[in-house]
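Good morning, everyone, and thank you for making time for this. Please have the sequence and the structure open while I talk, so that you can follow each part on your own screen.

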Amino acid sequence: MERERVDVDVVCVGFGPATGGFLTTISREIPLNDGTFPQVICYERADDLAFGVSGVVTKGRGLRVSFPDLNPAEIPMAAPVASEKVYYLLDPVGASRRSATLRAADAALRVSGSCKDEAFELPYIPPFLEKHGGLVMSIGQFNQWVGQQVMMTGAAQVWPGTPVAEALIDGDTVRGVQLADQGVDLDGNPTSAFQPGMEIHAPLTVIGDGPVGPVGRQLDEHFGLPPGHEQREWAVGMKMVVDLPEGCTLAPGTVFHTFGYPEPEIFGFLYVQPDSVASVGIFIPSWLENPVRTSYRYLQHYLLHPLVWKHLQGGRMRSWGAKTLNESGRRGEPYLVGDGWARIGEGSGSTNVLAGSGVDEAWTTGVQLGKAVLELWREGAPFTKENLERTYVTLRRNSWVEEEARVAEYARDGFHRGVVPGMLGMALAGFSGGRLHLPGLPEHAMPTLEDFFSGRIPPEELAALKKQAETHGEALHDLVMNRCGWPEIPYDGQLLMSQQDALLLGGKVQAAPGYANHVRFRDDEVCGRCGAMTCVEICSAQALMPGKPTPSFDREKCIHCGACIWNCEFHNVDFRAGAGGLHSAEN
Amino acid sequence: MTEPFHIVVCAGVAPDPLQTLEPVMGPQGPTLKNELMLPAVLDPWAAHALYEANHLAKSIPGSRVWLVSMAPKPKLQQVLMTMAQKVSFELVALDGPASGFVDYAQVAYALAEAIEGIEGLNRSRLLLFGGWESAGRAAGVTLAMVGERLGITEQFQAVDVLKIGDDGLLEIHERAEGGKHQVTLCGGPPAVLGWATGNLPEPPNSPQTGMANMRTLMPALQKAKPVPVNGGLQFTSASLPRQQRSTRVVKDASAEEVAAEIAAWIRG
């Protein structure tokens, strides 16, 4: 097929904090000293630069280097961290899947009288976790703020609503990207309005499309991962932005980190922003090996925990969203550069799970690449693998991002053995500077529903629940959680509501016409043989529903979190470039 | 073949239709809570006018399209990064409020003044396009006032079709009752056309169009002058219409059952 072609100097894929850092850095030096004006262009899949999702509390070290006079008040929804606490949450409903050790610890804490609101405040925040002097933010507003400043320089163009289908790979050289076709039906067949995606050629392609971006994954497939690297640890982060109730005494900048509830493996957060707004959310990690794991139901139980609910009761949901996190960090780092390309941000393994931080690290990797590109432009040197390694990779290896990523590299391996070993492993790695850690377990298949609930729910009862879910179109995770003793959610229509209402009222999700479905299944038979359908259970937006031969996909609901990719142990989900998704700018 | 047109499209910015809006009282009267945080779109009716303008300009060589828009500069930039990929235009930007709680006459004066200042504009070939309706509570009256300020007496509202005859006559179809159109033959420009929805689909994104627009877009935004629209019309209060929302999950209901329930609900 003949495609139109445009040539630019740099093309970027995805606009998030990493690309924001990159574009901020180079746009300040354009036009270059020799008077040339490189053409820099960035394509973002989402319909607006502000439609990202993150629960952001950050030390902001990299940001403050880029913006030495940064005043948080200039960024909507940003506030300096005022107070920070870490809580271990007990189980107030008795349904959490806790080990005997944890139950004993809970009992001891209750008896000791050191708990309040079913929570135990840790007397000390480990230095690798604390965010004193940092910021709480909305990633959507931050991205919008950065995008406005970059665009106003006139030195770079950032185009939202334009998915990049793939990198143009010639041998092992990346020549640019191809945009997604428009004017096609859901299966990708051309209609009368067909417009083939254009080819954008550039000497340098910058890939910052996040943990599940199609271009980043394409490069992973083409080049593989460096020896010894693996991308095994993932999480779904889901959050709500809440109008706090009248009389709430939480001050802007208040930060709660929590762990222990709704399941011991689930971490949570509450960050207070200006104007009586808070971001509240949880992370469902891949090591929660429940085949019917659901982020949304767990999020609601988290909101209802006494420590959190006492601040939220009477509040109102403003926004909702979710994303996938690549928690493998440094160990999952792909090849960072090659001939004509470089990777930055979360997709390049910059997220630090020990510090619970990703935005500042992503930003800094973008800045590092920006400095490298400016240096190569000054030298008149081409964007070869060797030159990018000499500049960008060297800067990155000698930075705090790398140093702290090394400390975190094996910090969470203990979670493969359980929550208590996991926490011990984190402490061991954190306090030893990464020299010590608890070893993990080899990668293994997710247990079946029957195995996971063995001893709690008889197999025949699970079969009956599956039948009920199939017959009545109910979510299996809801039925199983009810059976495990989790109480029904008392919907109030304000903060506690159905997942679809959260999608509509909070996520405001929509999809532009004229694009193909971006979630496909490679082999129908593989889906037919899959009993777990974890992709359906984990789907953050109920966009995937049970179906035959493959789950049905409704892209009008999809928020592009990508949880279906890594929850399919058969690698049968083909997650492509797509338009649409969240339309909230507050997450 | 008719002479080229100079088409000026007046288009405001409105919050993305999916957003939850909340009017609040500020020092200058009502405003939208978090207006600058909300994602925005080009007013949907005016956007149709822009698509029609672009289509017309393509069909008559030598025609030019200007987009004149007033909104807070950051919002305008955000919206235009989406629109600029779809159609070609030259931007005239005004930095002012877009909440809808403004004196429409003052907005109209500002827009008219900006149009009068467009370099190279041939007023005798001017077609002033905009939305017949507005998502910004201006109800389309602004466009009519801009036309009056510019001295254009031929004004048409709720336009769905504009055909240009070989003799240069404008055949204009305005919506009327019962799904019918009133057809008028107009001798030629200048004329004001307030568009309904027109008949054109939203154009796909075109990187080439975007890059071409960027040559004028950013300089125009950087030059955008602040437009004070204080005083004049006073808003004493603002409130949202009462809404009732109840959610039930019902499986396998027939279309007839759903329709019957909705009809019963409407009847009260």
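Predicted model: local features only at pLDDT ≥ 70, side-chain atom pairs only at ≥ 80, totals over all residues.

Let me begin with the division of chain A, which is split into domain 1, made of 5-70 + 139-229 + 331-407, and domain 2, made of 76-136 + 231-329. The C-alpha centres of domain 1 of chain A and domain 2 of chain A lie 31 Å apart. Where they touch, 24 residues of domain 1 of chain A are in contact with 29 residues of domain 2 of chain A. On the side of domain 1 of chain A that touches domain 2 of chain A, β4 and α4 of chain A each supply at least two residues, and the largest share, four residues, comes from β4(A). That side of domain 1 of chain A, sorted by class, divides into 10 nonpolar, 11 polar and three charged residues.

Now to the strand β4(A) itself, which belongs to an open sheet of three strands of chain A, with the order β4-β8-β5 and antiparallel pairing. The edge strands of this sheet are β4 (55-58) and β5 (79-80) of chain A, each of which pairs on one side only. Two bridges join β5(A) to strand β8, residues 135-138 of chain A, in the antiparallel sense, and there A:P80 stands opposite A:L135 in β8(A). Across β4 and β8 of chain A lies helix α4, residues 139-153 of chain A, running at about 85° to β8(A).

Further along chain A we come to strand β18, residues 267-273, which is mostly covered, with six of its seven residues buried. Which strands does β18(A) pair with? One is strand β17, residues 254-259 of chain A, which pairs with β18(A) in the antiparallel sense over five bridges, with A:F256 standing opposite A:L270 in β18(A). Another is strand β19, residues 277-285 of chain A, which pairs with β18(A) in the antiparallel sense over seven bridges, and here A:G268 stands opposite A:I282 in β19(A). β18(A) and β19(A) form a hairpin with three residues between them, and A:D275 in the turn has a positive phi of about 60°.

Let us turn to the place where the two chains meet. The contact takes 33 residues from chain A and 25 residues from chain B. On the side of chain A that touches chain B, the elements that give two or more residues are α4, β9 (157-159), β12 (182-184) and β13 (190-195) of chain A. Of these, α4(A) gives the most, with four residues. By class, this side of chain A has 13 nonpolar, 16 polar and four charged residues.

What about the cores? The largest nonpolar core has 220 residues, and those with the most contacts inside it are A:V136, B:V9, B:L50 and B:L111. Helix α8, residues 359-379 of chain A, gives the most to this core, with nine residues, and the core draws at least three residues from each of domain 1 and domain 2 of chain A. If we leave aside its neighbours within four places in sequence, B:V9 is in contact with several residues, including B:A46, B:L50, B:W66 and B:F129. A second, separate core of 12 residues includes A:F128, A:L354, A:V407 and A:A408.

That brings us to chain B, where helix α2, residues 73-83, is mostly covered, since nine of its 11 residues are buried. Among those buried residues of α2(B) are B:L76, B:V79, B:L80 and B:M83.

Strand β9 of chain B, residues 155-164, is joined by four bridges to strand β12, residues 191-195 of chain B, and these two run parallel; B:Q157 stands opposite B:G194 in β12(B). Five bridges join β9(B) to strand β10, residues 170-175 of chain B, and these run antiparallel, with B:I172 in β10(B) as the bridge partner of B:L162. β9(B) and β10(B) form a hairpin with five residues between them, and B:G168 in the turn has a positive phi of about 90°.

Why does B:G168 count as partly exposed? It does so because it has 13 C-beta neighbours inside 10 Å, whereas a residue is exposed at 12 or fewer and buried at 20 or more. Leaving aside its neighbours within four places in sequence, B:G168 is in contact with B:T2 and B:G188.

Key. Residues numbered from 1 in each chain as written. Chains lettered and ligands numbered in written order. Pairing = 2+ DSSP bridges. Contact = placed C-beta atoms within 7 Å. Axes fitted to C-alpha atoms, helices over the stretch in contact; angles between N-to-C directions. Nonpolar A, V, L, I, M, F, W, Y, C, P; charged D, E, K, R; others polar. Domains from an automatic or database assignment. Core = buried A, V, L, I, M, F, W, Y, C linked by C-beta atoms within 7 Å.
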